[in-house]
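Have the model open as you read.

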Amino acid sequence: MGIFGKIFQALKKTKDNVSAKMRLLFAKNKLGDEFYDELEEILISSDVSVRTAEEVVEQVKEEAIGNKVKDQQFVTDLLKDILEDTLNAADIPEITYPCVIMFVGVNGVGKTTTIGKVANWFVSQGKSVTVAAADTFRAAAGDQLAVWAERAKVRIVRHEEGSDPSAVIFDAVASAKAKKTDVVLVDTAGRLHVKENLMNELKKMDRVVTREYPEAAFYKFLVLDATTGQNAVNQARVFDEAVELDGIVLTKLDGTAKGGFVFSLCGELGIPVVFAGVGEKMDDLVPFDAEQFVEGFF
Ligand SMILES: Nc1nc2c(ncn2[C@@H]2O[C@H](COP(=O)(O)OP(=O)(O)O)[C@@H](O)[C@H]2O)c(=O)[nH]1
Ligand SMILES: [Mg+2]
């Protein structure tokens, strides 16, 4: 779909917000430190962290001085290059098969929906998929995943409400081995208010996969709601400590005006964004594209 694809379109709110401020900044014709301070403010106002904003503006400053140029196009292009490099700092893991992908994240970020979309995406790539309903905390979560499994035409393994999530994973892995399924997608609960329990539960699930299915590649993806802004970076830190994340799926990119925190995720935490959710429907998911994201930002 190229530069003007779904990620670009989804960022319209962010772009409107940032572009207006950039135009104003250049119209005011400020020079020197004042200009760069305000540029930093613009980045921070779109939820780029203070640390990342400082680093990025420092780089712009160095290169702009070296080139003795100070027109809007030049600075904007420079900014785009630097931000794209920041996004590409963390490598997207190459998926090998068979594999297990466990989706973690707090309640309501879009885990179950994302699994439906990702299942559909793998099917479109010619892969066979099993989804595991390891969010056994609420019966509704299993039902919701079952609806997605039907839509995506993939198999589902689920137990009764309240049963041990690790037992679901155990069965899903056994079933995937028997049926030679390429991909197992694991849905998990996200009750962050009992953080300690949640993290222990996730670690246990992690161990079951490692022990029972050593021949499979194992990835842990954190699902983050893009409308959360900076707090999403804190969520990433907590989950990364518990289960060492391999990647991130950004959901609700279509509803955010504050996409700037993504630069901190990649730059400061070194975790790559793998997919982006751009709506509620099954095909509203695209592999993340750094260039498109940056173009959509300014
Ligand atoms: N606009 C939009 N809504 C989304 C997206 N992904 C998920 N949602 C919505 O977010 C809500 C919570 O999703 P759910 O999958 O139940 O979250 P979970 O609690 O993490 O499993 C639902 O209403 C979804 O339709 C997205 O990319 N864009
Ligand atoms: Mg869910």
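Let's start with Glu244, which sits in the loop between helix H10 (231–243) and strand S6 (247–251). Helices (H or I, at least four residues) and strands (E, at least two) are DSSP runs, numbered from the N terminus. This is a predicted model, where local features need pLDDT of at least 70, side-chain atom pairs count only at pLDDT 80 or more, and totals for chains, interfaces and linings use all residues. Residues are numbered from 1 along each chain as its sequence is written, while chains are lettered from A and ligands numbered from 1 in the order in which they are written.

Glu244 shows a positive phi although it isn't a glycine, and Asp47 does too. Here they are side by side:

| Residue | Phi | Loop between |
|---|---|---|
| Asp47 | about 75 degrees | helix H3 (32–45) and helix H4 (50–67) |

Buried or exposed? Glu244 is exposed, because it has 10 other C-beta atoms within 10 Å, whereas Asp47 counts as buried because it has 24 C-beta neighbours inside 10 Å. The cut-offs are 20 or more other C-beta atoms within 10 Å for buried and 12 or fewer for exposed, with C-beta atoms placed from the backbone.

Next, a cis peptide bond: Tyr97 and Pro98 are joined by one, with omega about -5 degrees. Pro98 is in the loop between helix H5 (72–87) and strand S1 (99–104).

Finally, ligand 1 has 18 residues around it (C-beta atom, placed from the backbone, within 6 Å), and the closest are Gly110, Lys111, Thr112, Thr113 and Gly277. Helix H6 (residues 111–124) gives the most to this shell, with 3 residues.
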